[in-house]
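Trainee: I've got a model open and I'd like to learn how to read it one feature at a time. Can we start with a single residue and work inward?

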Amino acid sequence: MDLPHHGHRATKPRARTGPPAGDPLLFDDTSSGGPPMSSQGYYNSGYNMSGPPGGGGGGAGVNNLFADPMANAAMMYGSSIANQGKDIVNKEIGRFVSMNKLKHFFAVDTKYVMKKLMLLMFPYTHQDWEVRYHRDTPLPPRHDVNAPDLYIPSMAFITYILLAGMALGIQKRFSPEVLGLCASTALVWMVIEVLAMLLSLYLLTVHSDLSTFDLIAYSGYKYVGMIFTVLCGLLFGSDGYYVALAWSSCALMFFIVRSLKMKILSSLSSDSMGAGASVKPRFRLYITMATAVFQPIIIYWLTSHLVR
């Protein structure tokens, strides 16, 4: 239908535009008649996917995840695989190392550690060197100061590496490669020493209760003297280093001879009969003395480059 003209142009309906950017809306635009929108700008449907109201949507989603039977089955299957892997690892480790026996060498307390350190540095006044037994089983170290342990050697080895790093840093010679070489060299020498003793005892058919852990413990006690030697060298120079080297070497030699004497030479009575019985005691004495003499050589070899 045509509109009459009254001297002005007919106005066309204006297109609806959005508000200017940055201006807040005073009222919601409901002219389109579409479904209501949420605060995030999404249309609300009849199915509530966000869980019950009240701000607990995240927790409800997690609860729904754990309530899913497939998720529970997957978790149970993964847990069973982890347990099977753990059992396999423990079984493989148990083939080579007895965990109960290993725990025996770490059964120490503060009192034992203090007494053992004093015995390593001042062994000359100690009288009773015999290892005590209970029902043919040696007592744990915390009940017998003469029993070998692996706690002091392991902690002394770590302390030696840290002290070596500090000494190299003071002398402006520190680098990760040099520190790694120092640690690997100390480990290699200990392995060589233990293997040499095992081979010697095997070739001479020495029947003693010395185990591999015992030999590792006696070989690792040298790190206590090495720490004392390096500290004296850093504090008092080369003179202090050589005095500490002489003291720790003599103390360690005395300790090794008296300790291994109860282990190696005490088994002579069981092997006193048979061919070569008169020769075996002499070789066993040689093994004991060679082990003792070897200690100061290694101490000097592993500490001389740290003190200048």
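This is a predicted model: local features need pLDDT of at least 70, side-chain atom pairs count only at pLDDT 80 or more; totals for chains, interfaces and linings use all residues.

Trainee: Where does Lys 172 lie?

Mentor: Lys 172 sits in the loop between α5 (151–170) and α6 (176–203). Look at its backbone too: phi is near 60°, a positive value in a residue other than glycine. That positive phi comes just after α5.

Trainee: How far apart are the end C-alpha atoms of α5, and what should its 20 residues span?

Mentor: Count 1.5 Å a residue, and the 20 residues of α5 should span 28 Å. The end C-alpha atoms are 29 Å apart, which agrees.

Trainee: Which residues of α5 are buried?

Mentor: Among them are Ile 152, Phe 157, Tyr 160, Ile 161 and Leu 168. The general idea is that in soluble globular proteins, nonpolar side chains tend to be buried together. Here, the largest nonpolar core has 47 residues, and Tyr 160, Tyr 221, Tyr 223 and Phe 255 are those with the most contacts inside it.

Trainee: Which elements give two or more residues to this core, and which gives the most?

Mentor: The contributors at that level are α4 (110–121), α5, α6, α7, α8 and α9 (280–303). Helix α8 gives the most, with eleven residues.

Trainee: What does Tyr 160 touch, leaving out residues up to four places away in sequence?

Mentor: Its partners include Cys 182, Ala 186, Tyr 223, Met 226 and Leu 302.

Trainee: How many aromatic pairs are there?

Mentor: The count comes to 13, taking ring centres within 6.5 Å as a pair.

Trainee: Which aromatic cluster do they belong to?

Mentor: One that also includes Phe 122, Tyr 124, Trp 129 and Trp 247. Phe 122 lies in the loop between α4 and β1 (133–134), and is partly exposed, with a relative accessible area of 44%. Phe 122 and Phe 255 are 133 residues apart in sequence, yet their C-alpha atoms are 9.0 Å apart in space.

Methods: Residues are numbered from 1 along each chain as its sequence is written. Side-chain values use heavy atoms; hydrogens and water are left out. Rings of Phe, Tyr and Trp (its six-membered ring) pair if their centres lie within 6.5 Å; planes under 30 degrees apart count as stacked, over 60 as edge-to-face and the rest as tilted. Helices (H or I, at least four residues) and strands (E, at least two) are DSSP runs, numbered from the N terminus. The expected span of a helix is 1.5 Å times one less than its number of residues. Buried means under 20% relative accessible area, exposed over 50%, partly exposed in between (1.4 Å probe, protein chains only). A nonpolar core is a set of buried Ala, Val, Leu, Ile, Met, Phe, Trp, Tyr and Cys residues joined through side-chain atoms within 4.5 Å. Contact means heavy atoms within 4.5 Å.
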